[in-house]
Amino acid sequence: MGAKAGSSPPVVPPPASSATSFFPSINGLKLKTKQQELLIRVSILALVYVLAFAIRLFSVLRYESMIHEFDPYFNYRTTLFLTEKGFYEFWNWFDFESWYPLGRIIGGTLYPGLMVTAALIYWTLRFLRFAVHIREVCVLTAPFFASNTTIVAYFFGKEIWDSGAGLVAAALIAICPGYISRSVAGSYDNEGVAIFALLLTFYLFVKAVNTGSLAWALASAFGYFYMVSAWGGYVFIINLVPLYVLVLLVTGRYSMRLYIAYNCMYVLGMLLAMQIRFVGFQHVQSGEHMAAMGVFFLLQVFYFLDWVKFTLNDPKLFYSFLRIALTCAISVGSLALGVGMATGYISPWTGRFYSLLDPTYAKDHIPIIASVSEHQPTAWSSFMFDFHILLFLFPAGLYFCFKRLSDATIFIVMYGLTSMYFAGVMVRLILVAAPAVCLISSIAVSATLKNLTMLIRAKNNATPMGSSKGTASLKASAKLIFMHFQASSFDQPLPYQRNVAIALLLGAFYLLSRYAIHCTWVTSEAYSSPSIVLAARGAHGGRVIFDDYREAYFWLRKNTPADAKIMSWWDYGYQITAMGNRTVIVDNNTWNNTHIATVGRAMSSYEDEAYDIMKSLDVDYVLVVFGGVTGYSSDDINKFLWMVRIGGGVFSVIKEPEYLVNGEYRVDKGAAPKMLNCLMYKLCYYRFGEVTTEYGKPPGYDRARGVEIGNKDVKLEYLEEAFTTSNWIIRIYKVKPPKNRW
Amino acid sequence: MCPAMRTKSDNPTPGAAAAATAATASSDLDSFDPVLLLLRFLPYSFLRPPRTRLRLPSSVVLPSPMTVFSLLLLTYFAVVSGLVYDVIVEPPGIGSTQDPATGTVRPIVFLPGRVNGQYIIEGLSSGFMFLLGGFGLIFMDLAVDRHRARSTRLSFAMFGISAVVIAYLMTMLFIRIKIPGYLW
């Protein structure tokens with residue numbers, strides 16, 4: 001780190017004069033080289049800041065400023081509550097409007113960082129008399145923090161390599177699609193803020209290890225606190241940092257700076273993390289956090305042995321003491337760990353994180369985790385989509401890091417590799433790998449460009465050295481003589497060196513511009529859809545908008561009694577509560593598997609059995625999503641297999657083979673009889689047999705499955721149709737009250 | 001363990017003898033430090049370090065950075081060609097379709113339709129292309145080194161440049177085949 005040959009050379013008049021000739025004097029002021037460099041750096045960073053914000057605004061410009069997807073609606077609802085009722089009400093909030101008979105302790109089961117951040121921004125803007133609505137603040141929080149991440153990436157790059165790499169890192173991460181995917185405007189989700197906190201914590205920790213200063217270590221503890229408050233992925237930090245400390249110990253890089261940095265960060269960070277109710281005492285009780293504690297004790301043992309060695313001054317005595325101390329430490333440590341795990345005080349790894357270490361675990365044991373499409377393992381094309389040329393630059397960057405090993409580069413290598421492995425296990429975690437890949441790639445870009453420009457600027461041996469540096473001429477001439485004394489094949493430039501280097505520089509410029517084009521295209525096409533508003537190309541190429549979701553939720557809000565309870569599949573729970581303002585049975589939090597299984601069982605049973613279940617849950621309305629008319633493929637019939645699996649996982653009444661024909665789910669004439677008469681089928685295809693969806697196809701042709709449905713004459717006994725949206729995407733049914741007994 | 005590597009160890013000696021040698025050899029340590037005195041005498045007055053045959057074998061040495069680097073590159077290749085996807089989803093090595101007219105079975109190399117899906121062979125070949133691009137850049141850096149022979153530098157440079165160009169073109173070709181609407 002620091003200045004290398006080629007970056008900001010000390011003020012030497014002749015090269016400086018050739019450089020200043022490019023910059024005309026501003027108001028008669030001739031800028032010195034250092035000032036020019038500062039101007040270039042600041043303007044690049046300002047442009048990158050604006051770029052990171054601007055590229056995330058596609059969906060705001062195309063549709064409108066609204067919250068996307070499912071999870072952000074819950075975050076929006078809680079932020080609204082926070083700004084209206086204040087922090088104490090928010091912290092102690094028990095929500096009776098979700099998970100109907102059970103309710104949910106929201107104050108104790110969420111990560112408050114995102115909501116508090118948005119509320120603070122909102123209150124600041126209000127204080128400055130900008131009358132913004134909280135929804136606008138929520139929509140634009142993620143792009144704002146993405147811009148801040150680029151600044152942190154600049155400082156981090158400067159720390160591990162030099163300021164040139166920092167600038168490249170900031171530029172790469174501003175438009176990296178892997179990061180954009182979860183931080184577009186409107187994606188008001190934890191990750192938007194959490195990646196900023198992650199990178200900030202890592203930067204502060206690496207700075208603390210490099211300088212050994214207590215201030216930086218404490219700052220990293222506070223950065224860790226912000227990360228813990230923002231996202232459940234803080235487990236990554238609390239495992240990567242101890243692993244990094246362990247690697248430094250093994251490679252013989254133990255130092256006082258490391259001791260100070262890790263101790264402060266661990267102790268203070270742990271105490272601060274316990275302030276979040278959702279995390280609670282997990283730092284001392286959960287198996288996922290035990291690595292940090294183990295390394296903490298190991299570091300104390302290291303320090304103790306170091307001090308004893310220093311005071312004893314006798315190698316033989318120290319060696320025997322060493323063996324005793326190590327035996328004691330290892331036995332005490334393993335005894336403590338064994339007792340902790342045996343008594344159950346230290347809980348084992350939870351399923352969500354265990355499935356990262358053993359990817360096959362979720363498929364066999366936890367269907368809910370396996371059903372989420374973001375949790376699938378990653379194929380090469382997803383990597384290519386999200387990283388483009390960074391995939392080439394990553395191995396080259398690793399090589400440069402290994403060429404110049406230091407505490408900081410070891411950290412970035414470890415961060416890069418562990419995060420790439422986890423990104424390979426789960427598509428969603430490409431987001432966590434994006435900053436590391438951008439930083440390592442920036443090292444490759446910076447080092448390669450430095451090499452190329454060095455080749456261009458190198459003085460040719462054949463040309464006379466008349467115009468060489470004015471100062472230090474003795475040194476220059478001595479070097480020149482020394483170079484002439486060199487053997488013939490060494491130290492001679494390659495043929496056409498300057499021209500080839502200029503061509504390669506243009507090639508690098510081409511590659512980076514292709515990267516920018518790719519990122520913009522991917523953002524525009526793939527990552528800017530709000531998911532709640534669907535768009536398609538009409539017959540003449542115009543855009544057709546399907547706003548059915550919001551239509552249905554607004555209908556619910558206006559046309560149902562205030563205490564109505566809605567049963568739907570858990571995907572839509574957050575949206576129904578936030579926009580429809582009604583109580584739901586299950587929602588996206590998925591904390592209670594049995595409750596979800598009850599709903600799954602109801603959806604996959606015959607109508608009379610389902611009616612009993614719905615009556616026991618006090619359900620007033622049932623909401624299903626149906627894509628047969630529009631060809632929308634993420635509807636409830638396609639999700640039906642998960643309802644059967646999850647319901648069957650808890651209630652053995654539901655047997656999956658009863659719905660399958662030759663191992664697949666079908667809805668046409670050859671479907672299983674249980675499938676043709678279950679509640680989900682009836683609710684989706686009620687009156688659908690009369691609808692002609694496509695020219696030339698019979699009525700009742702399901703465009704999403706591409707078949708004509710089997711049971712066109714659906715009769716409902718216990719429910720009646722309440723509302724169907726204009727494109728039949730959402731269908732709402734009212735549960736009839738029980739018949740009068742005679 | 002690191003401390004053992006730092007101290008030059010010789011054969012373990014019994015505790016009493018060690019204490020005796022310590023007392024005579026380090027008579028210059030006239031320290032007031034009570035802990036030091038405790039350390040020097042207390043453990044060894046009743047503890048005898050066990051005569052274990054276990055010693056850290058001297059052949060255990062940290063691998064060189066370049067060995068670690070090549071292992072890491074191998075891991076990177078495995079991850080980025082979708083090995084975890086192959087293990088879990090178990091796609092076929094290569095897809096096949098039947099030609100409707102002649103009835104022959106034609107292979108399909110790239111899984112069509114989805115961004116997050118692959119066959120095994122397409123994953124491995126794409127991973128290889130990424131690694132080739134990385135190697136190209138590494139060789140270009142090796143070519144700039146002024147202390148090598150000129151012919152070596154020339155061959156490194158040519159290999160490096162061609163590797164990067166080929167890798168980039170092939171990767172663009174692959175992605176255009178896989179996602180028909182790419183960049184349009």
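Modeller: Contact here means heavy atoms within 4.5 Å. The model is predicted.

Colleague: How many residues does the contact take from chain A and from chain B?

Modeller: By that cut-off, chain A gives 79 residues and chain B gives 78 residues.

Colleague: What area do chain A and chain B bury between them?

Modeller: About 7100 Å², with 73% of it on carbon and sulfur atoms. In chain A, the most area is lost to chain B by Trp380(A), Phe392(A) and Tyr399(A), together 12% of what that side buries.

Colleague: What makes Asp141(B) and Lys403(A) a salt bridge?

Modeller: The cut-off is 4 Å between a Lys or Arg side-chain nitrogen and an Asp or Glu carboxyl oxygen. The closest N and O atoms of Asp141(B) and Lys403(A) are 3.0 Å apart, so the pair qualifies. The rule finds one salt bridge across the interface of chain A and chain B.

Colleague: Which helix gives the most to the side of chain A that touches chain B?

Modeller: Helix α21 of chain A, residues 390-403, with eleven residues. By class, that side of chain A has 52 nonpolar, 18 polar and nine charged residues.

Colleague: How do you know that the span of helix α6 of chain B agrees with its number of residues?

Modeller: Helix α6(B) runs over residues 120-144, which is 25 residues. At 1.5 Å a residue they should span 36 Å. The end C-alpha atoms are 37 Å apart, so the two agree.

Colleague: Why is α6(B) called largely enclosed?

Modeller: Buried means under 20% relative accessible area. In α6(B), 18 of the 25 residues are buried, so the rest of the structure largely encloses this helix.

Key
Residues are numbered from 1 along each chain as its sequence is written. Chains are lettered from A and ligands numbered from 1 in the order in which they are written. This is a predicted model: local features need pLDDT of at least 70, side-chain atom pairs count only at pLDDT 80 or more; totals for chains, interfaces and linings use all residues. Side-chain values use heavy atoms; hydrogens and water are left out. Helices (H or I, at least four residues) and strands (E, at least two) are DSSP runs, numbered from the N terminus. The expected span of a helix is 1.5 Å times one less than its number of residues. Buried means under 20% relative accessible area, exposed over 50%, partly exposed in between (1.4 Å probe, protein chains only). Buried area is the accessible area (1.4 Å probe) that two parts lose on being put together, summed over both. Ala, Val, Leu, Ile, Met, Phe, Trp, Tyr, Cys and Pro count as nonpolar, Asp, Glu, Lys and Arg as charged, and the others, Gly among them, as polar.
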